[in-house]
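User: I'm new to reading models like this one. Could you pick a single part, look at it closely, and then show me what else is worth a glance around it?

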Amino acid sequence: MERAYDLVIRGGMLADGSGRPAFAADVAVKDGLIAAVGQVAGAGAEEIDARGKLVTPGFVDIHTHYDGQATWDQRMQPSSWHGVTTVVMGNCGVGFAPCRPADHDRLVRLMEGVEDIPFPVLTEGLPWNWESFPDYLDSLEGRQFDVDIGAQLPHAALRVFVMGERGANREDATPADIAAMAVIAKGAVEAGALGFSTSRTLNHRTSDGQPTPTLTASEDELTGIAMGLAAAGKGALQFVSDFGDPEAEFAMLRRIVEASGRPLSFSLVQSPTQPAQWRLLLDRLEEASEAGLPMRAQVCGRPVGVLFGLELTLNPFTHYPSYKAIAALPLADRVAKLADPTFRAQLLSEGNEASAAFAANMTQNWKVMFLMGETPDYEQTPDRTVLALANARGVRPEELALDHMLTNGGRGMLYLPFLNYAGGSLDPSFEMLNHPDTVPGLSDGGAHVGMICDGSFPTSNLTLWTRDRTRGPKLALEAMVRMQSHDTAAALGLHDRGLVAPGYRADLNVIDYEGLTLGAPSVAYDLPAGGRRLVQRADGYVATIVAGQVTYRDGQPTGALPGRLLRGARAAPAAIAAE
């Protein structure tokens, strides 16, 4: 007997992405689209019993760095473990196209420095079967993925492609340079780029310490590129900045949007050095929005947290002489040495000889560092810092840190909330998330493989903000679902997804909401050249569905790879758009 639908999800509690209260409903899928919502009489070739479960749209993560991984891997993990069905990469001005063959290593070292993806991983993994940005998209076109993938044109690659050494050295672009970049930007979005991204932060450096090529790009250069997008009539702008002079910097962003008419988003976090600046920027954003300008801030629901451990890029003893002597040993051998009382005493008698300020200061900032447990807690209280715990136990913080890292066979990790935790709570994140002109972002999925593991943001946003938070207000479940599905999709012009309604993409999650649990970060050695990366799993995703096909069941891949490259923005279904 012929079935009416390809898939029917029965009896779930549906948070449909609109933000309205969740309601019991069936969801029917046919030909990769949602065919019916409500009480569905027809049978499906496949049916999922969702009684007692939450059904949501697939989540849309607009701030990832899978630019390399997408060329060698089919699964955009860890994001696809966390209900994400669409990712957007090419953020922060870094990527691999356009690129001349002579500049391959230059862009690899930039990605290595900015996003902590090791040089050997990229040199072995990248096929480099492209030169122009359209070529890069063509190289992805025939590949199959567990999510849909959108790409943005990265400013650093564009600048080096047009200006060569002058661009890498941050020299001012000439009018001819700007005109050439505008032409390439226009062609990139016409070929399918979702937009253009750039970086204006000193945190972004090459692996040999040089600032990103885009750091000091002039307003004329940035406006010229934006006008390239305007000439094409499509594409969004993505900025990350130190906002050293917040009033002047935001005013520049506003002028770029006024001139080009293109939507713009910028990264907004609470800095420990300027802990109130985010409020000023939100005020300016609100003024721009009220003036009708399409501007948003990308925010995150937990600290941007740096992890330290024996398997990771850094740990508190990385720059101690005794540790340097054993750093190249296999993990088990290092654990044995560190557990030896004589070696331990020698190590603890030494000091940190790091020359870089970050490594020297951050790796031993005991008063704001925490232990990462088996059940991650991203809003720990001051009495749980390494310093406070060490004082309570009558030991030095170094001893406590070492003991914790030696747990679980040397896989214990320390957690330092680098951004969004200046006051020791997530109240600023609550305000940022709750603002009408912001969208969740900044997960950096696919990047920071040895220091940061924030690709799990979509799960912690659900668990922390709608269910588990005890230290302040929470958010409605339906609001959080809307934020990271409909709102993020709309921010990049992907109006065909993010809602569970007839005609929309059948990108869906079936979630055991009460049982949804985020695991601790761990290390996997599955990158090209045997490279290691931080990963983080979750329990509670009963099924994740992309284009009507179940890609994950109970966190395990099914083998279905319906995800494809997205070329450009997508209109809402005609029947819905006309309402």
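**A look inside the largest cavity**

Analyst: Sort the lining of the largest cavity by class and you get 12 nonpolar, nine polar and three charged residues. Here, Ala, Val, Leu, Ile, Met, Phe, Trp, Tyr, Cys and Pro are nonpolar, Asp, Glu, Lys and Arg are charged, and the others, Gly among them, are polar. Keep in mind that this is a predicted model: local features need pLDDT of at least 70 and side-chain atom pairs pLDDT 80 or more, while totals for chains, interfaces and linings use all residues. Numbering runs from 1 along each chain as its sequence is written, and side-chain values use heavy atoms, with hydrogens and water left out.

So what's a cavity? It's a set of points, on a 1 Å grid over the protein atoms alone, where a 1.4 Å probe fits but cannot get out, and lining residues have an atom within 4 Å of a point. Points are joined across faces, edges and corners, and the volume is the space filled by probe spheres set on them. The structure has three cavities of 30 Å³ or more, and the largest holds about 180 Å³. Of its 24 lining residues, Asp-444, Gly-445, Gly-446, Ala-447 and Val-449 come closest to the centre. Helix H1 (69–72) and strand S20 (533–535) are the elements that give two or more residues to this lining; helices (H or I, at least four residues) and strands (E, at least two) are DSSP runs numbered from the N terminus.

Follow the chain on from H1 and you reach Pro-78, in the loop between H1 and strand S7 (84–89). The peptide bond joining Gln-77 and Pro-78 is cis, with omega about 15°. Another cis bond runs from Ala-97 to Pro-98, where omega is near 0°, and Pro-98 sits in the loop between S7 and helix H2 (104–115). Most residues other than glycine have a negative phi, and most peptide bonds are trans.

Over by S20, Ala-529 lies in the loop between strand S19 (522–524) and S20. Ala-529 isn't a glycine, yet its phi is positive, about 65°. With a relative accessible area of 44%, Ala-529 is partly exposed: buried is under 20%, exposed over 50% and partly exposed in between, using a 1.4 Å probe and protein chains only. Asn-408, in helix H17 (residues 407–410), also has a positive phi, about 55°, without being a glycine. Its relative accessible area is 52%, so Asn-408 is exposed.

Rings of Phe, Tyr and Trp (its six-membered ring) pair if their centres lie within 6.5 Å; planes under 30 degrees apart are stacked, over 60 edge-to-face, and the rest tilted. That rule finds 10 aromatic pairs. Phe-250 and Phe-266 make an edge-to-face one, 5.8 Å centre to centre with 80° between the planes. Phe-250 comes from helix H9 (residues 246–260) and Phe-266 from strand S11 (residues 264–267), 16 residues apart. Both are buried: Phe-250 has 3% relative accessibility and Phe-266 has 1%. Phe-430 and Trp-465 have ring centres 6.0 Å apart and planes at 35°, so that pair is tilted. It links helix H18 (residues 427–433) to helix H19 (residues 457–468) across 35 residues. Trp-465 is buried at 0% relative accessibility, and Phe-430 is buried at 16%. Finally, Phe-96, Trp-128, Trp-130, Phe-133 and Tyr-136 gather in one aromatic cluster.

Key:
On a 1 Å grid over the protein atoms alone, a cavity is a set of points where a 1.4 Å probe fits but cannot get out, and a pocket is an open set with protein on both sides within 12 Å along at least five of seven lines; lining residues have an atom within 4 Å of a point.
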